[in-house]
Structures are given as structure tokens and as C-alpha cells.
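Please take a first look at the sequence and the 3D structure shown here.

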Amino acid sequence: MLAELIGGVMSLNVEQKAATRREFARNFELVDVTPVQVAADLSVNESRIEDVMNLRNVRHLEDAWVLRRYLMAKAAQQGVELVPFTALRGDPEDYWFLDVDRVNAMMLD
């Protein structure tokens, strides 16, 4: 309920969810990674990455932010500019309801 009031991943509207899915897919292409590679880097299975990319079976509000942080780090290493995220914008530290340590550690489980 709190996430609905604040606009967290759990409460994105249909358009925001569709946009976020497209943004994840395009940004994966831009940094030239696959869900298999990301899963290996984050020590989870491929289906977990695909769930986060598609905003399904979200376990933690921070999951999409973790994947965003991963893509941003890859893009910085490669000198690539990502497609901006329209719903996942700004700094996670600005959102008091996010566990920033989880995002910074890029922790998915």
C-alpha cells in the first residue's frame, strides 16, 4: 500500500510497466549483455533476471533498481549511454523506502 502511494515498482501503471520492460530490453542490447551473463555476474539464475526485467514475481521493491544499477555500471565501463528509465529515475538514496544497501550491493535473491 505504501508503495502505491509513493510510486514504487510494485505500483507502476500499465504504461510505466511496459516502458520499463522496453527500457530494460533496450539497455541490455546497448551494453551487449544477456540475462545469462547478468545472472552469472549477480550470482542468481537466468529466470530471476528475466523476472526482474519483466517486472514479474518481484520479491523486493529494490529488484528493478538493482538491475538498473548493474546496467548503469556496465554502461559506464563501456562508455555507452543508456536509454533513460522513465519510472526508475533519480537516485535510489532519494527514496526513503528503498533499502539502498541492497541496491548498492546489487543483491538479488
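Predicted model: local features only at pLDDT ≥ 70, side-chain atom pairs only at ≥ 80, totals over all residues.

Residues are numbered from 1 along each chain as its sequence is written, and side-chain values use heavy atoms, with hydrogens and water left out.

The protein chain holds 6 helices and 0 strands, where helices (H or I, at least four residues) and strands (E, at least two) are DSSP runs numbered from the N terminus. With a radius of gyration of 13 Å, close to the 13 Å that the globule rule gives for 109 residues, the protein chain is as compact as a globular protein of that length; the radius is taken over C-alpha atoms, and the rule is 2.2 Å times the number of residues to the power 0.38. The C-alpha trace spans about 35 × 25 × 25 Å along its principal axes. Of the 109 residues, 41% count as buried, meaning under 20% relative accessible area with a 1.4 Å probe, protein chains only.

The largest nonpolar core has 29 residues, such a core being a set of buried Ala, Val, Leu, Ile, Met, Phe, Trp, Tyr and Cys residues joined through side-chain atoms within 4.5 Å. The residues with the most contacts inside this core are Phe-24, Phe-28, Val-38, Ile-49 and Leu-71.

| Element | Residue range |
|---|---|
| helix H2 | 14-30 |
| helix H3 | 35-42 |
| helix H4 | 46-53 |
| helix H5 | 63-78 |

The largest share of this core, 7 residues, comes from H5. Leaving aside neighbours within four places in sequence, Phe-24 is in contact (heavy atoms within 4.5 Å) with residues including Val-52, Met-53, Leu-67, Leu-71 and Phe-85.

In H4 the buried residues are Arg-48, Ile-49, Asp-51, Val-52 and Met-53, and the buried residues of H4 pack against H2, H3 and H5. H4 is followed by Leu-55, whose phi is positive, near 55°.

Arg-89 lies in the loop between H5 and helix H6 (100-104). Not counting residues up to four places away in sequence, Arg-89 touches Trp-65, Arg-68 and Tyr-95. Arg-89 and Trp-65 are 24 residues apart in sequence, and their C-alpha atoms are 9.2 Å apart in space.

Technical notes: Buried < 20%, exposed > 50% of the residue type's maximum accessible area, 1.4 Å probe, protein only.
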